[in-house]
Every structure is written in structure tokens, then in C-alpha cells.
Amino acid sequence: DYNDVVVVGYGTVMKSDLTGSVSSVSRKDLGDRQVPDVASLLAGRAAGVDVSQGAIRVRGVTTFNNTDPMYVIDGVLGGNISTVNANYIESIEVLKYASYRAIYVSMAANGVILITTKSGKAGPLKVNISAFTGISFTPKKLPVLNASQYVDYALDALKNSGTPATAKLLSPEVRKDVTNWQDQVFRTARKHEVNVSFSGGSEKSTSYLALGYRYNEAITTDGPRHNDVYARLKNEYQIKPWLKACINMGVAYDDSKGVAPWNLAYMLNIPPYLPVYDTSNIKGLGFADTDVQTDLNGVANPIAITKLFHSTGNSLNYQISGWAEVQPLKGLTYRVQASVSGNWGRTQDWNPTVVLGGSQQLQQSQLNKQEYYGYSPLIEQYLTYTNRIRKHDFTIMGGTTWRNDNLGGRIG
């Protein structure tokens, strides 16, 4: 609809008046899609936007360095995207045109994604509850050599190199298919999510409160499992006809546990005659280090990695902001806003002393603990004057921004 209002930079404009390259995705366009993040929400919805493995690229890869776009969340530059649950988004605008660098300077080099979250509306209290559950799995697996084909391949390699075949590779036992490693590594993973929101208010003030919980596990055996909790609060106040204010907070907490196989190539290259578990080997898992000599294979048991290595983590992401708008004269608006975005996290990794097969060799027992934090304060103020002369609209804006992104620390 060309009468829709689109957020661009520090203001809004009618879609029919747009001259730059902007992709706008509204709540209506988004529909009831259940996705884990904003990147998945944009997939296939905005021209010129590439989405791959949770990463967003605007106008493709433009540098060998960081190619992430800049996020502006409810007017906060460099907003913490980790605090945004996709269910709480009202609209998304993607600024792709190079002229937007005049607004955001070098921060807009990789494009700008403007996210507007839902707000309360005047009227009685409305409660919305949504829930979904689902599964993830690998629908197609890669064809690989069976045990006999692998042994023939290894014997041919030895013959071509003039190396005598090992006794193990000449035994009939190794021609038996023992393990389908793709079936062992991949699993059917579960996911579910519940969201509840409350909205309402009067002509003087509106409120929106949303809470959510998400459970998601990886499709690899004993892979990472995430428990996420989200909360968002937005209160807007019409204090006087010429004075408005808003308080906006978003928080996301993640608790994770589990380890993914270091390299999925291990799953494809490990011989199919080797068992996942072997009580004669260290820690009861198949493929000890001595097998490198007898099997001529330089990979490790991928299940051993997920069983013997342990990883846990907790993280908290937040964004808190507030703004006030004063309109002393018709068409003239002064706005000041302050915000702080940041995160805190703690990780712990532990493994016993173990000898894995292949190139991994001896892994000494170790325990690594880390704790980190970071925050970025922001203060902005600007004046905007808008007027209409006959059929012509014009807007003049000027202001200042102070921001510090280098605050934080790490222990461990």
C-alpha cells in the first residue's frame, strides 16, 4: 500500500514518496511464521537481503571484514538484536541505498535494518497467547562407502604407495558394516515456544508487556540445547499535548548445554566397520589412537567428542532506553533519548584426559571458565521541523549523538 508510513533514519515517510532503496516488511507480511530469529524472519521477504545460517547480508558481501548490517531497534543505534524475539516485531525496514550513509556515516556501510517492536494501543486490556512445537531432522543423508568398499579403497591406496597392508585391513572382520555414522550423529531434535503478551491503555498512556520461553536443541546427538527466556516492556505517555515520553526495555536470557561434533567430516570419513562403543578402548568408546596406524584414517569418533567434552553457558542480553519529545511550536519537535545496551555471559568447558583417534591425539584434562560483560551507552538529541507549502512537503533535521562501544571486560 503506497499510503503506508515507512521508518527511514530519524523519521518517517510515505511509501509513495520514497526515492531510495528500502525494503519494508510489516507485521501483516510476516504473518504467523514461527522462526528462531530475525534473520529467518527476513528470509525471502526482502529483495537484496541474503540470509544464511542466521547471518544477514545486505547487498551481498562487500568486505573481507565484518559484513553485518547495523541494527536500529526502536530508534536505538547499534541496538542489541539478541534481545528481540521475532514475535514482538511490528515492522522491519531495510535501508540499502548508499545515501543513507549520510545519516549513519560509516556504520551504514553494510546496510541498516530498522526494527520497530509492538506497542500498546488505547483500549481495554488484550491478552494474546501463542504456542508452537516442532521437530528438526536431516531429511537426506550423503551416500558413503560401505565397509567392504572402504577396505578396497584403503588397500588400493597402500598398493599404489608401495606400503604393505596392515593385518587389520586384511582380516575379514573389517568388511562387516557395524556403524552407520550419519544415523549415530544426527537425531530428531525438539523445539517448542510459548509467548504471552498484554497490551492496552488510554489516550494518556499505553502499555505493552510480552514474555516468552523457547527450548531448542541441535540435530546432532548430545549437541547444544538452549533454554531462552524473553521479556519486553514498552510504556508510552502523552503527558501534555506538547509533551510525550516512553520507556522501553528488552531482556533475553539463554542457558545452554552440550557440545557439537568438532567437524562433521569425521562422520563421513570414519570407517563403517568401527563401533561407536568399545569397552576395550579408553572411556569405552570406539576408535582409539592406535587405530590411526591400522586403519590409515586421520579422523576421530564424533560421538566420543560429544560424550567426553562438556560445555555449559549462560548469557544475558539487554537494551534499556527512554525518550521524551517536546513540541513547542507547530511542526517543530525536540527529542532527547538515552539508552544502554549490553550483555553478560559465563561459560565453562571441561574434558578428561583422553586419547582420541585420528589427528586429535592426546587431549589433556582441562577446565576453562570465563566470565565477560560489555555495555554501550548512547545519548541523542535532535530538532526536527516539518512543514507543507501547497503541494510540497519538506523536513529539516539536526542533532547530536554520543556513543561509547568500548566498555566491558573479561575474567578467565
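These legends go with several close-up views of one predicted model. Residues count from 1 along each chain as its sequence is written, and side-chain values rest on heavy atoms, with hydrogens and water left out. Since the model is predicted, local features need pLDDT of at least 70 and side-chain atom pairs count only at pLDDT 80 or more, while totals for chains, interfaces and linings use all residues.

**View 1. The largest nonpolar core has 26 residues.**
A nonpolar core here is a set of buried Ala, Val, Leu, Ile, Met, Phe, Trp, Tyr and Cys residues joined through side-chain atoms within 4.5 Å. Buried stands for under 20% relative accessible area, exposed for over 50%, and partly exposed for in between (1.4 Å probe, protein chains only). Look for Trp181, Tyr273, Ile305, Leu308 and Phe309, the residues with the most contacts inside this core. The elements giving two or more residues to the core are α4 (147–161), α6 (181–185), α7 (265–269) and α9 (302–308). Helices (H or I, at least four residues) and strands (E, at least two) are DSSP runs, numbered from the N terminus. Helix α4 supplies the largest share of the core, five residues. Apart from this core lies another, of 19 residues, with Val25, Val35, Leu41 and Ile115 among them.

**View 2. Tyr150 and Tyr273 form a tilted aromatic pair.**
Rings of Phe, Tyr and Trp (its six-membered ring) pair if their centres lie within 6.5 Å; planes under 30 degrees apart count as stacked, over 60 as edge-to-face and the rest as tilted. The structure holds two such pairs. In the one formed by Tyr150 and Tyr273, the distance is 6.0 Å centre to centre, with 55° between the planes. This pair links distant parts of the chain: Tyr150 sits in helix α4 and Tyr273 in the loop between α7 and α8 (291–295), 123 residues apart. Both Tyr150 and Tyr273 are buried.

**View 3. Tyr385 and Phe394 make a tilted pair too.**
Here the ring centres of Tyr385 and Phe394 are 6.2 Å apart and the planes stand at 55°, so this pair is tilted. Tyr385 is partly exposed, with a relative accessible area of 30%. Phe394 is also partly exposed, at 31%.

**View 4. Asp74, Arg232 and Lys234 are linked in a network of salt bridges.**
A salt bridge means a side-chain nitrogen of Lys or Arg within 4 Å of a carboxyl oxygen of Asp or Glu. By this rule, the count comes to 13 salt bridges. Asp74 meets Arg232 at 3.9 Å, N to O, and Asp74 meets Lys234 at 3.5 Å, N to O. Asp74 lies in the loop between β6 (70–73) and β7 (76–77), while Arg232 is in strand β13 (residues 225–240), 158 residues apart. Lys234 lies in strand β13 as well, so its pairing with Asp74 ties together parts that are 160 residues apart in sequence. Asp74 counts as buried because its relative accessibility is 15%. Arg232 is buried too, at 2%, and Lys234 is likewise buried.

**View 5. Asp393 and Arg388 meet in a salt bridge.**
The distance between their side chains is 2.9 Å, N to O. Asp393 and Arg388 are both exposed.

**View 6. Seven names to find: Leu125, Val127, Ile129, Val194, Phe198, Leu209 and Leu211 form a nonpolar patch on the surface.**
Patches are made of residues with over 30% relative accessible area and no salt bridge; like charges are joined within 9 Å, and nonpolar side chains (Val, Leu, Ile, Met, Phe, Trp, Tyr) within 5 Å. Together, the patch residues have about 630 Å² of accessible area, worked out by the Shrake-Rupley method with a 1.4 Å probe, and for residues only the protein chains shown count as cover. The elements giving two or more residues to the patch are β10 (123–136), β11 (189–201) and β12 (205–217). Strand β10 gives the largest share, three residues. Ile129 is in strand β10, and at 62% relative accessibility Ile129 counts as exposed.

**View 7. Ser315 lies in strand β15 (residues 310–329).**
Ser315 is buried, with a relative accessible area of 17%. Leaving out residues up to four places away in sequence, Ser315 touches Ala252, Tyr253, Asp254, Trp344, Gly345 and Tyr372. A contact means heavy atoms within 4.5 Å.
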